[in-house]
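Subject: Structure handover

Hello,

Here is the structure for you to look through. My notes on what was found follow below it.

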Amino acid sequence: MKKWRLVFLLLLGILVIVGGWLYRQRWLPKPVGEGPAGPAVAREVFAETWTDRKVLLLGIGDSITAGFGVPRTHSYFGRLVKNPEDEFDDMQGLCLSAVLPNLEIENIAISGSTSLHHLQHVQTKLQPQDADVFGLIVMTVGGNDIIHDYGRRPPREGAMYGATLEQARPWIEAYELRLGKIVDRIEECFPGGCQIFLGDIYDPTDGVGDAHNAGLPAWPDGLAIHRAYNKIIHRCAAERASVHLVRLYDEFLGHGIHCTQARHEHYRPKDPHYWYASNLEDPNERGFDAVRRLFLIEIAKVADQLAVENAVELE
């Protein structure tokens, strides 16, 4: 009798441990933390005007650039333009309106859209600009191609969740061609020049590929397809002089569903918090702060080029 009692207690203990782990992984809200998130932005480059030229800041892409789930002023696009009233001390004055006095803005990003939509958007919604306008374009393109429709329907192009790598290969190849056409169209619409800042695709599973621990169906080839998309984004930035890579993937590692696990490869002891919204595909408010900083750092790298082009314009 004692033996069966010990077995029962052992099984009960295992169930409690497994149940507790499942609760923490799937249902217990992840800690989001508070305060600034992401890398520091150098203040020196924002000390003086970059250019007096007309500059159009253009947003293209999905819900990340559209700013889904947060006030417009706290989206990464909104924070790029102007510091919100409750801006963090380290970012006061670090925004594009502070250094671009003739800045105009337009955001044609749409939540839920895929790269198929984005090509159509730039072909139909993006109008050619005057020759005296310089373009700063910020884009997040491709993430919804991967995660939609969360395994609720059979995988297809533009909604690949659950696909095998072999099944997805033609869709991956089509994405590379489509991304190239998007960049071509943008460049055509800015005869006065442009710089394109393209974010790669982050991974809320922190490199593990266990989306099932976030309540989605298991997807054995998910990471491989994700890597293929990011390789295309990186290649686009490497091969195109106008395109600059914004490394969202690297910065967000450790801020996904495994953010509280100290033994995890990408654990972030200085900020062990969750940067995603409850839908798993968008940033939360701190995540948007990090995205803003990453884009702003890359944009600031072309400040000297803008100054040179401004001088040429004045001659």
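**What was found**

N284 sits in the loop between α8 (248–252) and α9 (285–300). Helices here are DSSP runs of H or I with at least four residues, strands are runs of E with at least two, and both are numbered from the N terminus. This is a predicted model, where local features need pLDDT of at least 70, side-chain atom pairs count only at pLDDT 80 or more, and totals for chains, interfaces and linings use all residues. Residues are numbered from 1 along each chain as its sequence is written, and side-chain values use heavy atoms, with hydrogens and water left out.

Is N284 buried or exposed? N284 counts as buried because its relative accessibility is 11%. (Buried means under 20% relative accessible area, exposed over 50%, and partly exposed in between, with a 1.4 Å probe and protein chains only.) Leaving aside neighbours within four places in sequence, N284 is in contact with V32, V70, Y274, W275, Y276 and A277. Contact means heavy atoms within 4.5 Å.

**The sheet**

Next, the strands. 5 of them form an open sheet, in the order β2-β1-β3-β4-β5, with parallel pairing. Two strands pair if DSSP finds at least two bridges between them. β2 (103–107) and β5 (243–246) are at the edges with a single partner strand each, so one side of each has no neighbour in the sheet. From one strand to the next, the twist averages 20°. Axes for such angles are lines fitted to C-alpha atoms, for helices over the stretch in contact, and the angles run from 0 to 180 degrees between N-to-C directions.

Strand β3 (residues 133–140) runs parallel to β4, and 6 bridges join them. L136 has Q195 in β4 as its bridge partner. Helix α9 packs on the sheet and touches β3, β4 and β5. The direction of α9 makes about 145° with that of β3.

**Helix α6**

Now look at α6 (residues 165–189). It has 25 residues and reaches 35 Å from its first C-alpha to its last, close to the 36 Å expected at 1.5 Å a residue. The expected span is 1.5 Å times one less than the number of residues. Where is the kink in α6 centred? It is centred on W171, and it is about 25°. The bend at a residue is the angle between axes fitted to the seven residues ending there and the seven starting there. The buried residues of α6 include W171, Y175, R178 and C189.

**Aromatic pairs**

The structure holds 9 aromatic pairs. Rings of Phe, Tyr and Trp (its six-membered ring) pair if their centres lie within 6.5 Å; planes under 30 degrees apart count as stacked, over 60 as edge-to-face and the rest as tilted. Y161 and W219 make a tilted pair, at 4.5 Å centre to centre and 40° between the planes. Y161 lies in the loop between α5 (143–147) and α6, and W219 in the loop between β4 (194–199) and α7 (222–239), so the pair ties together parts 58 residues apart in sequence. Y161 is buried at 4%, and W219 is buried at 10%.

Y274 and Y276 also form a tilted pair, at 5.6 Å and 45°. Both are buried. Y202, F252, Y274, W275 and Y276 form one aromatic cluster.

**Backbone details**

A cis peptide bond joins H148 and D149, with omega about -5°. D206 is not a glycine, yet its phi is positive, about 60°. D206 is in the loop between β4 and α7.

Best wishes
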